[in-house]
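Here are some notes to read alongside the structure, written for someone meeting it for the first time. Please take the points in order and keep the view open as you go.

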Amino acid sequence: MIESPDRTPLPRDFFDRPVLEVAPELLGRILIRLTADGPIELRLTEVEAYAGEVDPGSHAYRGRTARNAVMFGPPGHAYVYFTYGMWHCLNAVCGPEGRASGVLLRAGEIQVGAELARKRRISARNDRELAKGPARLATALAVGRDLNGTDLCNGPDSPLTLLHGSPPDPDQVRSGPRTGVGGDGAQHPWRFWIADDPTVSPYRAHLPRRRST
DNA sequence: ACGCGGATGTTCT
DNA sequence: GAACATCCGCGTG
């Protein structure tokens, strides 16, 4: 028997908990993005936890700024940031309010609207690569800074919503060091993914870039 | 398969 | 002025 996925939205209470509890439980959840051309739905397969002001890897480590303000607000909202001059990444803010923690949504499987995602991800060589990586995920789902602060718990009429979906068996959840995080934030195994899932992005260690001229 | 450098612009020191 | 929660294309093996 296959149980059909639960298509009700995750309640705010789900996010209003310590981020290390929430992050692994986001695996298997359904992210719905409503675009003008139609809906895109993605099943989350890889996430990373960022623990706020106590976490050297977090954008909130040095306190509140204009960019990270949403992380300091109520849980269950989208924190979208722009990086490397080209890319956007999407987080789900967790609780309690003021803790400035969040979960980076790193990868997933596009289940609905793949034809829409392909238009934005021309370089993807197959559908498994459409959302294999945090910036690819945001690109595939047309997530930009305009969605920063969006309430993820509003229901399916919202531009961005997280549904209960079908969490994997706990035996299938893996964890390891976060990708692209260096320094004192590198050691914690705060990256979570579904075992053997082909849409999970490859691990890359943090590389200090040599400065060019 | 894997490693490297360039792209690009916002944010913070 | 440097770093950046990244990705892509091209080189080598």
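1. Let's begin with Val-143, which is buried, with a relative accessible area of 4%. Because buried means under 20% relative accessible area, Val-143 at 4% falls in that class. Please bear in mind from the outset that this is a predicted model. Val-143 sits in the loop between helix 4 and strand 7, the latter spanning 160–165.

2. Which residues does Val-143 touch, leaving aside its neighbours within four places in sequence? Its contacts are Arg-33, Val-80, His-88, Leu-90, Ala-138 and Leu-160. Phe-72, by contrast, is 71 residues from Val-143 in sequence and 20 Å from it in space, C-alpha to C-alpha.

3. Now turn to strand 5, where 7 of the 8 residues are buried, leaving the strand mostly covered. Strand 5 runs antiparallel to strand 4 (residues 78–83), and 6 bridges join the two.

4. Next comes the DNA. How many residues surround DNA strand C? There are 18, and the closest are His-59, Asn-91, Arg-121, Ser-123 and Arg-136. Of the atoms of DNA strand C that come within 4 Å of the protein, sugar and phosphate account for 53%.

5. Which parts of the fold supply this surface near DNA strand C? Strand 5 (87–94), strand 6 (101–112) and helix 4 (134–140) each give at least two residues. Helix 4 has the largest share, with 3 residues. By type, the residues of this surface are 8 nonpolar, 7 polar and 3 charged.

6. Tyr-81 places a polar side-chain atom 3.3 Å from a base nitrogen, and Trp-87 places one 2.8 Å from a base oxygen. Arg-121 has an N or O atom in its side chain 2.6 Å from a phosphate oxygen.

7. Finally, the charged pairs. Side chains of opposite charge can pair when their charged atoms come close. The structure holds 11 salt bridges. Arg-17 takes part in a salt bridge with Glu-21 (3.6 Å, N to O), and Arg-17 also meets Glu-25 in one (3.0 Å, N to O). Glu-21 is partly exposed, with a relative accessible area of 39%, and Glu-25 is partly exposed too, at 33%.

8. Glu-109 forms a salt bridge with Arg-43, with the closest N and O atoms 3.2 Å apart. This pair links distant parts of the chain, since Glu-109 lies in strand 6 and Arg-43 in strand 3 (residues 38–50), 66 residues apart. Glu-109 is partly exposed, with a relative accessible area of 31%. Elsewhere, a network of salt bridges links Glu-46, Glu-48, Arg-106 and Arg-191.

Conventions: Residues numbered from 1 in each chain as written. Chains lettered and ligands numbered in written order. Predicted model: local features only at pLDDT ≥ 70, side-chain atom pairs only at ≥ 80, totals over all residues. Heavy atoms only, no water. Near = heavy atom within 4 Å. Polar contact = N/O pair within 3.5 Å; in protein donor to acceptor, adjacent residues only side chain to side chain. Helix = DSSP H or I, 4+ residues; strand = E, 2+ residues; numbered from the N terminus. Nonpolar A, V, L, I, M, F, W, Y, C, P; charged D, E, K, R; others polar. Buried < 20%, exposed > 50% of the residue type's maximum accessible area, 1.4 Å probe, protein only. Pairing = 2+ DSSP bridges. Contact = heavy atoms within 4.5 Å. Salt bridge = Lys/Arg side-chain N within 4 Å of Asp/Glu carboxyl O.
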